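The following report looks at how the parts of a model are arranged and where they meet.

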Amino acid sequence: MAVVREITFAEALNEALDYEMSKDPKVVVMGEDVGRYGGIFGVTKGLIEKYGEERVRDTPIAESGFIGTGVGAAASGLLRPVVELMFIDFLGVAYDQIYNQAAKMRYMFGGKAKIPVVIRTVSGAGASAAAQHSQSLHALFIHVPGLKVVYPSTPYDAKGLLISSIEDDDPVIFIEHKMLYGIKGPVPEEPYSIPLGEADVKKEGKDVTVVATALMVHRALEVANKLEEEGISVEVIDPRSLVPLDEETILNSIKKTGRLVVVDEAYPRCSFATDIAALAVNKAFDSLKAPVKLVTAPATPVPFSPALEKEWMPSTEKIEKTIRDVL
Amino acid sequence: MEEIPKEKLLWMYETMVKIREHEERVAELFAQGKIPGFVHLYIGEEAVATGVMAHLRKEDFITSTHRGHGHFIAKGGNIKASMAELFGKATGICKGKGGSMHIADLDVGELGANGIVGGGIPHAVGAALGIKLNGLDNVAVAFFGDGASNQQNFHEAINLAAIWKLPVVFVCENNLYQISLPYSRQQVIKSVAERAAAYGIPGVSVDGQDVFAVYEVAKEAIERARKGEGPTLIEAKTYRFRGQFEGDPQVYRSKEEVEWWKQNKDPIVLFERTVLEKGLLSKDELDEVREKVKKEIEEAIKFAEESPWPKPEEVLEDVFSTPTKGELVWQW
């Protein structure tokens, strides 16, 4: 009989790491403050006590160096590193090791290399962390062939997807929204995996399809529940992995509802949202009864003041208004 | 100088000559338009790869650079397959997807040439971390140039290797030019090896044209690494006899300077002189090696020329290892 508890998103991730480390001695965790400190959001708490300093490695602030080390260790076939990039915003100092090295090695080497490295990182606004600690930069990873990109919204998904990501032989960018770490949800005690490339229909509906990621899934659901009282039936789809993308679930939903709203907490251009819009227009044009609408952040850096940041983020009000616009 | 077994001397000569012959033929084939893309040749620097690789086993790892043919050959990479790769053929070691700047042979621990200056240095540190955590006595060697020693990856990777005491050796091939910029205008220190002090590891500078000198220095560094005593930074002062890339007009250095190096510091000539003078190898033995190498390179070229092109559908293959549901290789 499966034991299911209510635990936080951070605890769910911790269980996934714990399970993988207990199962496979090749799995190591590296990053800034992942050891005694337990990670600045507590995700790696307790691992160093259990698995020791050799396998849970605190690093200097040298993201390119330690991510590159993770990539090399993976390419050597000797380890399966899980490397933590403390904030996705720090990507700039380490991007080469991700997009030119990890992502391309297998292809450049004619399919001979396996690069089983997971890069866990933290994204998202909502904490007044301002322009260099709040961005949602998943599009920069989706854009580059060779990376798998995972962006879960619930504790249950987080645990199952992190287990799949660590067991995957390709580089996986595993993105965690900082405002989700504290949310609780039902999570089975025993390990389980959720395959990459399977979207989850978080709420079924028939009038309009909303595709949303991470924190935005929760806002979309809040709106969907509210509109349900008015008899408006909103289907909320969480792709969960952005690469690979479960096109089928998204397209089938659009074919059913004829309407699409994409909610993406990111800059508006060349984004995940525009990508899904293009997918709908390209592959479900005949089903569309209304223009595809996008709810995203504006093309500005993320502001600091709570008053400004609230305006910057896609709000439930904006999501609701946009859904009403397409009905 | 310690006595080097004759078998090893022959290997060193064969390796240097093989690299030279390979690179001279590649230059011709490139000029004929048979090899596409960018080509950076290792001519003049043969003693560095050879002197270091003389101490490596198949299970040891190396990371290389955009000037990587020499490292590949010295590590024992498959030359037929690499030649086919330079041509862009289906039988290439990377199936025609990598080319000169991405030659790799994971079967012999060659973790890849790299098109990004300094990009491969952390990978050697990663392999060394894997070696350490798996309790092996192998080593990893990172090759890179003087230009790369100004990159963040050089500093970050060496620091990591130092604090974690990893079995890795950093080999800077200081060929005195970062494309066009002379070494003296990139850094004020006399030797890249001085930078080792900043990371609390041994640093040593060596004449990279003298394979015996490189051999000695590399031996000590690699033994230290194998014994778990941590990393070493080696600077091998060397010189590329050809341009930064084939087609480089070389406006930044004089013909006289290049000639001087060719006349006085050719690593193969220096080797021949030493072994003949000391009676370690005979002229016949050297000639025999040259003949053998010539044949091997010609066979590789023939193989490459006769090999088929990759099929168009192969464009979409080899992006990912683990299959999944959903769209992985997106196409509109």
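How many residues of chain B are in contact with chain A? In this predicted model, local features need pLDDT of at least 70 and side-chain atom pairs count only at pLDDT 80 or more, while totals for chains, interfaces and linings use all residues. Residues are numbered from 1 along each chain as its sequence is written, and chains are lettered from A and ligands numbered from 1 in the order in which they are written.

The contact joins 43 residues of chain B to 47 residues of chain A, two residues being in contact if their C-beta atoms, placed from the backbone, lie within 7 Å. On the side of chain B that touches chain A, α5 (121-133) and α6 (152-163) of chain B each supply at least two residues, and α5(B) gives the largest share, 10 residues; helices (H or I, at least four residues) and strands (E, at least two) are DSSP runs, numbered from the N terminus.

Chain A is divided into domain 1 (4-188) and domain 2 (200-326), with bounds that come from an automatic or database domain assignment. Between these domains of chain A, 24 residues of domain 1 are in contact with 24 residues of domain 2, and the domain centres, taken over C-alpha atoms, are separated by 26 Å.

The two sides are listed by class, where Ala, Val, Leu, Ile, Met, Phe, Trp, Tyr, Cys and Pro count as nonpolar, Asp, Glu, Lys and Arg as charged, and the others, Gly among them, as polar.

| Side | Residues by class |
|---|---|
| Chain B, touching chain A | 20 nonpolar, 16 polar, 7 charged residues |
| Domain 1 of chain A, touching domain 2 of chain A | 13 nonpolar, 9 polar, 2 charged residues |
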